[in-house]
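Please read them with the structure open.

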Amino acid sequence: MTNEVWWRLGFFLSILVIMMLIEWRMPARTAPIKNRKRWFANFGLVFASSVIARLAVPVGLTAVALYNQQHGIGLFNIIDLPSFLVIVLSLILLDIIIYWQHRLFHRVPILWRLHKVHHADAHIDASTGLRFHPIEIVLSILVKLVAVSLLGVPAIAVLIFEIALNGLAMFNHANIRLPPAIEKPARLILMTQILHRIHHSQRGSETNSNYGFSVIWWDWIFGSYKGAAQKPDNELDIGLKEYPSAKQNASLWGLLVMPFRNK
Ligand SMILES: [Zn+2]
(Lines give C-alpha, C1' and ligand atoms only; values in the text may rest on other atoms or scores of the structure.)
Protein backbone atom coordinates (compact mmCIF):
# COMPACT_ATOMS: atom_id res chain seq x y z
CA MET A 1 0.00 0.00 0.00
CA THR A 2 2.98 2.31 0.47
CA ASN A 3 3.51 2.24 -3.30
CA GLU A 4 -0.11 3.05 -4.04
CA VAL A 5 0.59 6.37 -5.78
CA TRP A 6 3.16 4.76 -8.07
CA TRP A 7 0.89 1.87 -8.99
CA ARG A 8 -1.92 4.25 -9.85
CA LEU A 9 0.26 6.70 -11.73
CA GLY A 10 2.05 3.88 -13.56
CA PHE A 11 -1.14 2.27 -14.85
CA PHE A 12 -2.70 5.65 -15.62
CA LEU A 13 0.21 6.90 -17.74
CA SER A 14 0.83 3.54 -19.47
CA ILE A 15 -2.79 3.09 -20.52
CA LEU A 16 -3.10 6.74 -21.55
CA VAL A 17 0.03 6.56 -23.72
CA ILE A 18 -1.04 3.24 -25.32
CA MET A 19 -4.53 4.61 -26.10
CA MET A 20 -3.17 7.86 -27.52
CA LEU A 21 -0.69 5.99 -29.71
CA ILE A 22 -3.44 3.80 -31.18
CA GLU A 23 -5.68 6.87 -31.61
CA TRP A 24 -2.86 8.60 -33.43
CA ARG A 25 -2.08 5.70 -35.77
CA MET A 26 -5.60 4.30 -36.27
CA PRO A 27 -8.24 6.87 -35.30
CA ALA A 28 -11.84 5.67 -35.56
CA ARG A 29 -13.29 9.12 -36.25
CA THR A 30 -11.92 12.52 -37.24
CA ALA A 31 -12.14 15.28 -34.65
CA PRO A 32 -14.38 18.24 -35.59
CA ILE A 33 -12.16 20.65 -33.65
CA LYS A 34 -8.40 20.83 -33.12
CA ASN A 35 -7.28 18.12 -30.69
CA ARG A 36 -4.56 20.37 -29.31
CA LYS A 37 -7.18 22.80 -28.02
CA ARG A 38 -9.44 20.10 -26.62
CA TRP A 39 -6.53 18.40 -24.88
CA PHE A 40 -5.41 21.60 -23.23
CA ALA A 41 -8.90 22.02 -21.72
CA ASN A 42 -9.47 18.33 -20.95
CA PHE A 43 -6.11 17.66 -19.33
CA GLY A 44 -6.26 21.04 -17.61
CA LEU A 45 -9.56 19.92 -16.08
CA VAL A 46 -8.02 16.58 -15.03
CA PHE A 47 -5.28 18.47 -13.20
CA ALA A 48 -7.68 20.99 -11.63
CA SER A 49 -10.04 18.20 -10.54
CA SER A 50 -7.23 16.18 -8.96
CA VAL A 51 -5.97 19.16 -6.95
CA ILE A 52 -9.46 20.32 -5.88
CA ALA A 53 -10.53 16.76 -4.95
CA ARG A 54 -7.39 16.29 -2.87
CA LEU A 55 -8.08 19.54 -1.00
CA ALA A 56 -11.80 18.81 -0.56
CA VAL A 57 -11.31 15.19 0.58
CA PRO A 58 -7.78 15.00 1.98
CA VAL A 59 -8.15 11.40 3.14
CA GLY A 60 -7.52 8.60 0.61
CA LEU A 61 -10.06 5.83 -0.03
CA THR A 62 -7.50 3.11 0.67
CA ALA A 63 -6.53 4.76 3.97
CA VAL A 64 -10.20 4.72 5.00
CA ALA A 65 -10.46 1.06 3.92
CA LEU A 66 -7.39 0.18 6.04
CA TYR A 67 -8.84 2.02 9.04
CA ASN A 68 -12.14 0.15 8.60
CA GLN A 69 -10.27 -3.19 8.42
CA GLN A 70 -8.37 -2.45 11.62
CA HIS A 71 -11.50 -1.34 13.49
CA GLY A 72 -13.98 -3.91 12.18
CA ILE A 73 -16.15 -1.38 10.36
CA GLY A 74 -18.37 -2.46 7.46
CA LEU A 75 -20.04 -5.67 6.32
CA PHE A 76 -17.02 -7.59 5.01
CA ASN A 77 -15.03 -6.75 8.15
CA ILE A 78 -17.76 -8.30 10.31
CA ILE A 79 -18.70 -11.45 8.39
CA ASP A 80 -16.14 -14.14 7.71
CA LEU A 81 -15.66 -14.85 4.01
CA PRO A 82 -12.60 -16.03 2.05
CA SER A 83 -10.58 -12.93 1.11
CA PHE A 84 -10.66 -13.74 -2.62
CA LEU A 85 -14.46 -13.79 -2.53
CA VAL A 86 -14.53 -10.53 -0.59
CA ILE A 87 -12.36 -8.85 -3.23
CA VAL A 88 -14.52 -10.12 -6.12
CA LEU A 89 -17.76 -9.13 -4.37
CA SER A 90 -16.31 -5.71 -3.52
CA LEU A 91 -15.36 -5.03 -7.15
CA ILE A 92 -18.80 -6.09 -8.40
CA LEU A 93 -20.72 -4.06 -5.80
CA LEU A 94 -18.58 -0.93 -6.24
CA ASP A 95 -19.05 -1.13 -10.01
CA ILE A 96 -22.84 -1.47 -9.69
CA ILE A 97 -22.86 1.57 -7.39
CA ILE A 98 -20.85 3.61 -9.91
CA TYR A 99 -23.25 2.50 -12.67
CA TRP A 100 -26.24 3.81 -10.66
CA GLN A 101 -24.37 6.96 -9.72
CA HIS A 102 -23.85 7.59 -13.44
CA ARG A 103 -27.60 7.10 -14.12
CA LEU A 104 -28.42 9.49 -11.28
CA PHE A 105 -26.13 12.14 -12.77
CA HIS A 106 -28.16 11.89 -15.98
CA ARG A 107 -31.54 11.89 -14.25
CA VAL A 108 -31.25 14.69 -11.64
CA PRO A 109 -31.07 18.14 -13.32
CA ILE A 110 -28.60 19.69 -10.86
CA LEU A 111 -26.27 16.69 -11.21
CA TRP A 112 -26.63 16.75 -15.00
CA ARG A 113 -25.29 20.34 -14.91
CA LEU A 114 -22.05 18.84 -13.62
CA HIS A 115 -22.00 15.69 -15.74
CA LYS A 116 -22.75 17.56 -18.98
CA VAL A 117 -19.20 18.95 -18.84
CA HIS A 118 -18.13 15.39 -19.70
CA HIS A 119 -20.77 15.01 -22.43
CA ALA A 120 -20.27 18.44 -24.02
CA ASP A 121 -17.00 17.27 -25.58
CA ALA A 122 -17.68 17.47 -29.32
CA HIS A 123 -15.21 14.69 -29.95
CA ILE A 124 -14.51 11.60 -27.89
CA ASP A 125 -11.10 10.16 -27.10
CA ALA A 126 -9.10 8.93 -24.10
CA SER A 127 -8.94 12.49 -22.71
CA THR A 128 -12.76 12.61 -22.65
CA GLY A 129 -12.69 9.63 -20.30
CA LEU A 130 -10.91 11.80 -17.75
CA ARG A 131 -12.82 15.03 -18.33
CA PHE A 132 -15.07 15.46 -15.28
CA HIS A 133 -15.98 18.59 -13.38
CA PRO A 134 -14.17 18.80 -9.98
CA ILE A 135 -17.49 18.81 -8.09
CA GLU A 136 -18.55 15.59 -9.85
CA ILE A 137 -15.20 14.04 -8.90
CA VAL A 138 -15.63 15.12 -5.25
CA LEU A 139 -19.22 13.78 -5.12
CA SER A 140 -18.04 10.51 -6.64
CA ILE A 141 -15.29 10.18 -4.01
CA LEU A 142 -17.86 10.78 -1.25
CA VAL A 143 -20.17 8.10 -2.71
CA LYS A 144 -17.25 5.64 -2.83
CA LEU A 145 -16.23 6.59 0.72
CA VAL A 146 -19.68 5.73 2.03
CA ALA A 147 -19.84 2.53 -0.04
CA VAL A 148 -16.35 1.40 1.03
CA SER A 149 -17.19 2.00 4.70
CA LEU A 150 -20.64 0.38 4.68
CA LEU A 151 -19.42 -2.66 2.76
CA GLY A 152 -16.06 -2.88 4.55
CA VAL A 153 -14.23 -3.11 1.22
CA PRO A 154 -10.59 -4.16 1.75
CA ALA A 155 -7.90 -1.65 0.73
CA ILE A 156 -6.51 -3.91 -1.98
CA ALA A 157 -9.95 -4.10 -3.64
CA VAL A 158 -10.22 -0.29 -3.50
CA LEU A 159 -6.85 0.01 -5.23
CA ILE A 160 -7.74 -2.55 -7.93
CA PHE A 161 -11.11 -0.87 -8.49
CA GLU A 162 -9.67 2.63 -8.81
CA ILE A 163 -6.97 1.51 -11.26
CA ALA A 164 -9.46 -0.53 -13.32
CA LEU A 165 -12.13 2.20 -13.43
CA ASN A 166 -9.64 4.83 -14.49
CA GLY A 167 -7.98 2.57 -17.08
CA LEU A 168 -11.24 1.27 -18.54
CA ALA A 169 -12.65 4.82 -18.80
CA MET A 170 -9.67 5.76 -20.98
CA PHE A 171 -10.09 2.49 -22.93
CA ASN A 172 -13.79 2.83 -23.72
CA HIS A 173 -13.63 6.54 -24.53
CA ALA A 174 -10.62 6.06 -26.83
CA ASN A 175 -11.05 7.11 -30.44
CA ILE A 176 -10.39 3.59 -31.71
CA ARG A 177 -12.46 0.84 -33.25
CA LEU A 178 -11.62 -2.73 -32.41
CA PRO A 179 -11.71 -5.15 -35.36
CA PRO A 180 -15.11 -6.96 -35.48
CA ALA A 181 -13.48 -10.30 -34.65
CA ILE A 182 -12.40 -8.81 -31.30
CA GLU A 183 -15.20 -6.29 -30.78
CA LYS A 184 -18.05 -8.82 -31.01
CA PRO A 185 -16.80 -11.18 -28.28
CA ALA A 186 -15.50 -8.22 -26.22
CA ARG A 187 -19.09 -6.87 -26.11
CA LEU A 188 -20.09 -9.84 -23.99
CA ILE A 189 -17.85 -8.57 -21.19
CA LEU A 190 -16.73 -4.99 -21.72
CA MET A 191 -18.15 -1.62 -22.59
CA THR A 192 -16.44 -1.27 -25.97
CA GLN A 193 -15.65 2.04 -27.67
CA ILE A 194 -18.47 1.62 -30.24
CA LEU A 195 -21.00 0.95 -27.46
CA HIS A 196 -19.84 3.84 -25.31
CA ARG A 197 -19.90 6.28 -28.23
CA ILE A 198 -23.66 5.59 -28.36
CA HIS A 199 -23.79 7.00 -24.80
CA HIS A 200 -22.11 10.17 -26.13
CA SER A 201 -24.56 10.55 -29.05
CA GLN A 202 -26.53 13.80 -29.27
CA ARG A 203 -29.83 11.85 -29.42
CA GLY A 204 -31.41 11.73 -25.97
CA SER A 205 -32.57 8.11 -26.23
CA GLU A 206 -29.04 7.06 -27.12
CA THR A 207 -27.38 9.18 -24.40
CA ASN A 208 -29.57 7.46 -21.84
CA SER A 209 -28.08 4.04 -22.56
CA ASN A 210 -24.80 2.17 -22.05
CA TYR A 211 -23.94 3.81 -18.71
CA GLY A 212 -21.33 1.26 -17.66
CA PHE A 213 -17.71 2.36 -17.34
CA SER A 214 -16.25 -1.11 -17.27
CA VAL A 215 -18.31 -4.26 -17.83
CA ILE A 216 -21.48 -4.25 -19.96
CA TRP A 217 -23.49 -6.51 -17.64
CA TRP A 218 -25.17 -3.81 -15.54
CA ASP A 219 -26.67 -2.24 -18.68
CA TRP A 220 -28.08 -5.66 -19.63
CA ILE A 221 -29.43 -6.38 -16.16
CA PHE A 222 -30.91 -2.92 -15.50
CA GLY A 223 -32.30 -2.50 -19.03
CA SER A 224 -30.15 0.32 -20.41
CA TYR A 225 -28.22 -1.64 -23.04
CA LYS A 226 -28.26 -0.36 -26.64
CA GLY A 227 -26.39 -2.41 -29.22
CA ALA A 228 -26.62 0.11 -32.08
CA ALA A 229 -27.40 3.78 -32.64
CA GLN A 230 -29.56 5.13 -35.48
CA LYS A 231 -26.49 6.33 -37.35
CA PRO A 232 -23.42 4.15 -37.94
CA ASP A 233 -20.48 4.65 -35.60
CA ASN A 234 -18.44 6.82 -37.98
CA GLU A 235 -21.38 9.21 -38.63
CA LEU A 236 -22.65 9.47 -35.07
CA ASP A 237 -23.15 13.07 -33.86
CA ILE A 238 -21.12 13.25 -30.66
CA GLY A 239 -21.55 15.74 -27.84
CA LEU A 240 -24.41 18.04 -26.87
CA LYS A 241 -26.44 20.09 -29.34
CA GLU A 242 -26.32 23.06 -26.92
CA TYR A 243 -22.52 23.16 -27.08
CA PRO A 244 -21.68 22.98 -30.76
CA SER A 245 -18.85 25.46 -30.81
CA ALA A 246 -15.22 24.71 -30.26
CA LYS A 247 -14.90 27.71 -27.97
CA GLN A 248 -16.85 26.31 -24.99
CA ASN A 249 -15.07 23.01 -25.28
CA ALA A 250 -11.57 24.32 -25.65
CA SER A 251 -11.16 26.49 -22.59
CA LEU A 252 -10.45 25.22 -19.11
CA TRP A 253 -12.33 28.15 -17.59
CA GLY A 254 -15.29 27.47 -19.88
CA LEU A 255 -15.49 23.89 -18.55
CA LEU A 256 -15.14 24.95 -14.91
CA VAL A 257 -18.03 27.45 -15.10
CA MET A 258 -20.22 25.41 -17.48
CA PRO A 259 -22.48 23.99 -14.69
CA PHE A 260 -23.22 27.47 -13.36
CA ARG A 261 -24.20 29.06 -16.66
CA ASN A 262 -27.70 28.85 -18.01
CA LYS A 263 -27.77 27.56 -21.50
ZN1 LIG B 1 -22.82 9.99 -19.00
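1. A glycine at a helix end. This is a predicted model. Start just after H3, at glycine 72. Its phi is positive, at about 60 degrees.

2. The buried side of H3. Helix H3 spans residues 61-71. Its buried residues are Leu61, Thr62, Val64, Ala65 and Asn68. They sit on the same side of H3, because they cover an arc of only 155 degrees around the axis. The spacing fits a general rule. An α-helix has 3.6 residues a turn, so residues three or four places apart point the same way.

3. What lies over that side.

4. Asparagine 68. This residue is found in helix H3. Is asparagine 68 buried or exposed? Its relative accessibility is 4%, so asparagine 68 counts as buried. Setting aside neighbours within four places in sequence, asparagine 68 is in contact with Ile73, Asn77, Val148 and Ser149. Leucine 151 is 83 residues from asparagine 68 in sequence. Their C-alpha atoms are 9.7 Å apart in space.

5. H3 against H8. These two helices pack at an angle of about 160 degrees. Their axes are 8 Å apart. That angle makes H3 roughly antiparallel to H8. The crossing is right-handed. From H3, the contact uses Leu61, Thr62, Ala65, Leu66 and Gln69. From H8, it uses Ala155, Val158, Leu159 and Glu162. By class, this contact of H3 with H8 has six nonpolar, two polar and one charged residues.

6. H5 against H8. Helix H8 also packs with helix H5 (residues 83-107). The angle is about 45 degrees, and the axes are 9 Å apart. H5 and H8 are therefore oblique to each other. H5 passes H8 in a right-handed crossing. On the H5 side, the residues are Ile87, Ser90, Leu91, Leu94, Asp95 and Ile98. They meet Ile156, Ala157, Ile160, Phe161 and Leu165 in H8. The contact of H5 with H8 divides into nine nonpolar residues, one polar and one charged.

7. H2 against H7. Helix H2 covers residues 35-56. How far apart are the axes of H2 and H7? They are 8 Å apart, and the packing angle is about 45 degrees. That makes H2 oblique to H7. The crossing of H2 and H7 is right-handed. H2 brings Leu45, Ser49, Ile52, Ala53 and Ala56 to the contact. H7 brings Pro134, Ile137, Val138 and Ile141. By class, the contact of H2 with H7 has eight nonpolar residues, one polar and no charged ones.

8. Leucine 142. This residue is in helix H7. At 41% relative accessibility, leucine 142 counts as partly exposed. Isoleucine 176 is 34 residues from leucine 142 in sequence. The two are 32 Å apart in space, C-alpha to C-alpha.

9. Valine 117. Look for this one in helix H6 (residues 109-119). Valine 117 is buried, with a relative accessible area of 0%. Leaving aside neighbours within four places in sequence, what is valine 117 in contact with? The list is Leu45, Arg131, His133, Leu255, Met258 and Pro259. Methionine 258 is 141 residues from valine 117 along the chain. Their C-alpha atoms are separated by 6.7 Å.

10. Asparagine 210. Please check the backbone here. What is the phi of asparagine 210? The value is near 50 degrees, which is positive in a residue other than glycine. For background, most residues other than glycine have a negative phi. Asparagine 210 is in the loop between helix H11 (204-207) and helix H12 (217-221). At 0% relative accessibility, asparagine 210 counts as buried.

Note on methods
Residues numbered from 1 in each chain as written. Predicted model: local features only at pLDDT ≥ 70, side-chain atom pairs only at ≥ 80, totals over all residues. Heavy atoms only, no water. Buried < 20%, exposed > 50% of the residue type's maximum accessible area, 1.4 Å probe, protein only. Helix = DSSP H or I, 4+ residues; strand = E, 2+ residues; numbered from the N terminus. Arc of directions from axis to C-beta. Axes fitted to C-alpha atoms, helices over the stretch in contact; angles between N-to-C directions. Parallel < 35°, antiparallel > 145°, perpendicular 65-115°, else oblique. Left-handed = near helix turned anticlockwise from the far one by under 90°. Contact = heavy atoms within 4.5 Å. Nonpolar A, V, L, I, M, F, W, Y, C, P; charged D, E, K, R; others polar.
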